[in-house]
Every structure is written in C-alpha cells, then in structure tokens.
Amino acid sequence: MTHHHAVVWLDHAEARVFQFNRDEAEKLVVHGHKHHLHHKAGAIGSGRDAADTGFFDAIAATLETCGEVLLLGPGAAKLEFIRYTHRTKPTLEAKIAGVETVDHPSDGQIVAYARKYFVAKDRMRPLLAQPA
C-alpha cells in the first residue's frame, strides 16, 4: 500500500512507521540494534554511541514511496535521523515536513496527530504559494 503521508515515531529502541490517508493507515515497526549508553562520572567521552545507521537505513527504506514525512519522538533519536538523512539521503530529507517532540503515544494517537498536522499544513499550502 502506498500513501502520500507518513509519520514516524522513534526512539533508540524502535521506530513505528505509519503510512496513511484519510481513511486507513498501514503500520510497520523497525527495531534498533544498539543499546542506549549512559555516561558515568569520571569516564572519558560523551557516553554516547554513534548513530545506528543500520536502524536508520531500515527506517529510510520504509519511507521511499512517501511524499511527506512527520517525525515524532521523545528524545534525540529523531534529530540523529535528520542528521543521517542530511548526510546520506538528501531526497528523504527534503520530504521531512516537520519534527515534533512527543512522549510515548498510542498508535491511534500517533496517526490522529499526524492527520491533524497534515490537514493544517495542506490548508496553508495555497497561501504560501501565492506571490507577495
């Protein structure tokens, strides 16, 4: 099933990807491969591991046919994904319509949030296209 809009809720452990339209939504879950590291007092380094590019590759593959993407998540994983797309997938980066911080919503809440987001965004599009 191919839809124009997609929403991705992600943290370092998993990404829930929904491709949707007004009436239906299709879900795919991508699991991360690395464990989250914590910085210990007195240790050298930031306490962070490098981005999980295999995880991000799998997420990007699910978004190849989408037109616009909304990224959601509670922490830094969504920003790391944007940096990854900037370096390696510029066509996907151009499809990212927005980035929002949300905690741990249900699947239904994610899709409802994204539908509301894109309805408002799509309403603004004709206004933005008019010459000044």
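## Rings and cores in a predicted model

Phe 56 has 2% relative accessibility, so it counts as buried, because the cut-off for buried is under 20%. The model discussed here is predicted. Phe 81 has 0% relative accessibility, so Phe 81 counts as buried too.

The structure holds 6 aromatic pairs. One of them joins Phe 56 and Phe 81. The arrangement is edge-to-face, with 5.4 Å centre to centre and 70° between the planes. This pair links distant parts of the chain. Phe 56 lies in helix 1 (residues 53-62), Phe 81 lies in helix 2 (residues 77-88), and the two are 25 residues apart.

| Residue | Relative accessibility | Element |
|---|---|---|
| Phe 56 | 2% | helix 1 (residues 53-62) |
| Phe 81 | 0% | helix 2 (residues 77-88) |

Ring pairs also build a cluster: Phe 55, Phe 56, Phe 81 and Tyr 84.

Next, the nonpolar cores. The largest has 19 residues. Phe 81 is among the members that touch the most others, along with Val 8, Leu 10, Ile 59, Leu 63 and Val 69. Strand 1 (5-10), strand 2 (14-20), helix 1, strand 4 (68-73) and helix 2 each give two or more residues to this core. Helix 1 gives the most, with 4 residues.

Which residues is Val 69 in contact with, leaving aside its neighbours within four places in sequence? They are Ala 6, Val 8, Leu 63, Leu 92, Lys 95, Ile 96, Ala 97, Gly 98 and Phe 118.

Another core, of 11 residues, lies apart from the largest one. Its members include Trp 9, Phe 20, Leu 72 and Phe 118.

Terms used: Residues are numbered from 1 along each chain as its sequence is written. This is a predicted model: local features need pLDDT of at least 70, side-chain atom pairs count only at pLDDT 80 or more; totals for chains, interfaces and linings use all residues. Side-chain values use heavy atoms; hydrogens and water are left out. Rings of Phe, Tyr and Trp (its six-membered ring) pair if their centres lie within 6.5 Å; planes under 30 degrees apart count as stacked, over 60 as edge-to-face and the rest as tilted. Buried means under 20% relative accessible area, exposed over 50%, partly exposed in between (1.4 Å probe, protein chains only). A nonpolar core is a set of buried Ala, Val, Leu, Ile, Met, Phe, Trp, Tyr and Cys residues joined through side-chain atoms within 4.5 Å. Contact means heavy atoms within 4.5 Å.
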